[in-house]
Amino acid sequence: MPQSPTTNWSFHPLSRQRSGQFQHHVLNSVPETAVLTTPPPLRKPLSLHIAGVAAASAAAAISDKNKRRYITARKKAKSTMKMLVVDTEREEALNLQIEFEWVLRQEVHAILKQLRTILVECAHRFPVPLYDNEGKKTEKFILSVSPDQLKAVLTLTGDAITQADISFKLCKAPSQTQRTSITHDSPWKLQQVQDAANHLQTAINHIDDVDDSYHFKTSDEVLHVIGNILDALQRGRNSLLVPKKKPIEELIKGRNMKSLVPNLPEDLAVSFYLQSHKLIIAVYQLLNNQGTMQFDSRQAEIGVQWLNDVLLLLMNGQKLCQQLKDKISVFSVYKDFTVGSRSPSALSY
């Protein structure tokens, strides 16, 4: 059946055939002015997305979250690392303390024993009675300066020149030879030898003062003993290496000048002294140069074997002391450590 153009199926009855019968169903139209009794469906609010804004916000939120996680992880890593460092330092401190106790109980006594052996051997080289050394060793020397400016033929017994024949020429009278001598009745004393022997004796006494069964408890105790020994050895070496300087007036009036026979004029002085491994004789002559007092000198020397041996052994003793001192000084930062205490609480990190 043809439909008109104005036909609206939503507002006209539709006919359907069921069981061979026709039933008419009428769909009534709803007036536009009718009140709605069914509420409208709920809708989500409209979100207005500007290009890139929503994505940036989400990315910023994710970045901030990851950043917080990174900071937390980094703090945990630093804390763990700090704990590892502290544990390592404590372990090192305990190992140092164990070594420190071993050095105090064992090595210090071993080195002191070795040092005493060296110093006693040094004492045996001295020409004076010292630690079972018979002393009074006699040696003869000839000291000269050519051509016949100065010559001395002498005998050294122990720490004294017991005999000497001395001849020298004067500056103001080069053709004239002055002669004098030293006899057994009045020997020339070499005080440097006795001073060095006394300091060596002091160093050995410092070692003997430490009982073999004594247990050092702190580094300060060891450093105190080693310091005393080093000081004595240094004074002993200086006695032989660096002779005391005296004014010429003091030399002229010195006690040893009275040992010379015949006595020299008041403007002349003779001096015997040790410097390093050498025995030296020096002759001084006072000169008046237009009212200004000056002096001229002549000097001769000779090497002495026992002096060389003594200086070498003293140096070896000093080296051994210094090595022990340096080793103990490593532990000096742990002054609160005591033998038998294994607590690292004294350490400050």
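**Pockets, strands and cores of a predicted model**

User: Which residues line the second largest pocket?
Analyst: The structure is a predicted model. In this model, the space in the second largest pocket comes to about 190 Å³. Its lining is made up of His109, Leu112, Lys113, Arg116, Ile207, Asp208, Val210 and Asp212.

User: Which element gives the most to the lining of the second largest pocket?
Analyst: Two helices, α1 (53-125) and α2, each supply at least two residues of this lining. By class, the lining residues of the second largest pocket are 3 nonpolar, 1 polar and 4 charged. The element that gives the most, with 4 residues, is α1.

User: Which residues lie closest to the centre of the largest pocket?
Analyst: The largest pocket holds about 870 Å³ of space. It is lined by 31 residues, and the closest to its centre are Lys244, Lys246, Leu251, Ser271 and Tyr273.

User: How do the residues of the lining of the largest pocket divide by class?
Analyst: Several elements each supply at least two residues of this lining, among them α2 (191-208), α3 (219-241) and β11 (292-303). Strand β9 gives the most to the lining of the largest pocket, with 5 residues. Sorted by class, the lining residues are 14 nonpolar, 10 polar and 7 charged.

User: How many bridges join β9 to β10?
Analyst: Within this pair, tyrosine 273 has isoleucine 280 of β10 as its bridge partner. Glutamine 275 stands opposite lysine 278, which is also in β10. The two strands run antiparallel, and the number of bridges that join them is 8.

User: Which residue takes a positive phi in the hairpin of β9 and β10?
Analyst: Strand β10 covers residues 278-289 and runs antiparallel to β9. The hairpin has 2 residues between the strands, and a positive phi near 60° is taken by serine 276.

User: What is the positive phi of glutamine 290 in the turn between β10 and β11?
Analyst: These strands run antiparallel and are joined by 12 bridges. Leucine 279 stands opposite isoleucine 302 in β11. The hairpin of β10 and β11 has 2 residues between the strands, and the phi of glutamine 290 is about 55°.

User: Which residues form part of the second, separate core?
Analyst: Apart from the core in which Phe126 and Leu200 are among the residues with the most contacts, there is a second, separate core of 9 residues. The residues of this second core include Ile248, Leu251, Tyr273 and Leu286.

User: Which residues does isoleucine 166 touch, not counting residues up to four places away in sequence?
Analyst: Ile166 is one of the residues with the most contacts inside the largest nonpolar core. Phe272, which is another of those residues, is also among the residues that isoleucine 166 touches.

User: Which element gives the most to the lining of the largest cavity?
Analyst: A search of the whole structure finds 1 cavity of 30 Å³ or more. The largest cavity holds about 50 Å³ of space. The elements that give two or more residues to its lining are β5 (160-169), β10 and β11. The most, 3 residues, is given by β11.

User: Is asparagine 316 buried, partly exposed or exposed?
Analyst: Asparagine 316 is placed in helix α5 (residues 305-330). Asparagine 316 and leucine 115 are 201 residues apart in sequence, while their C-alpha atoms are 8.7 Å apart in space. Because its relative accessibility is 30%, asparagine 316 counts as partly exposed.

Note on methods: Residues are numbered from 1 along each chain as its sequence is written. This is a predicted model: local features need pLDDT of at least 70, side-chain atom pairs count only at pLDDT 80 or more; totals for chains, interfaces and linings use all residues. Side-chain values use heavy atoms; hydrogens and water are left out. On a 1 Å grid over the protein atoms alone, a cavity is a set of points where a 1.4 Å probe fits but cannot get out, and a pocket is an open set with protein on both sides within 12 Å along at least five of seven lines; lining residues have an atom within 4 Å of a point. Grid points are joined across faces, edges and corners, and a volume is the space filled by probe spheres set on the points. Ala, Val, Leu, Ile, Met, Phe, Trp, Tyr, Cys and Pro count as nonpolar, Asp, Glu, Lys and Arg as charged, and the others, Gly among them, as polar. Two strands pair if DSSP finds at least two bridges between them. A nonpolar core is a set of buried Ala, Val, Leu, Ile, Met, Phe, Trp, Tyr and Cys residues joined through side-chain atoms within 4.5 Å. Buried means under 20% relative accessible area, exposed over 50%, partly exposed in between (1.4 Å probe, protein chains only). Contact means heavy atoms within 4.5 Å.
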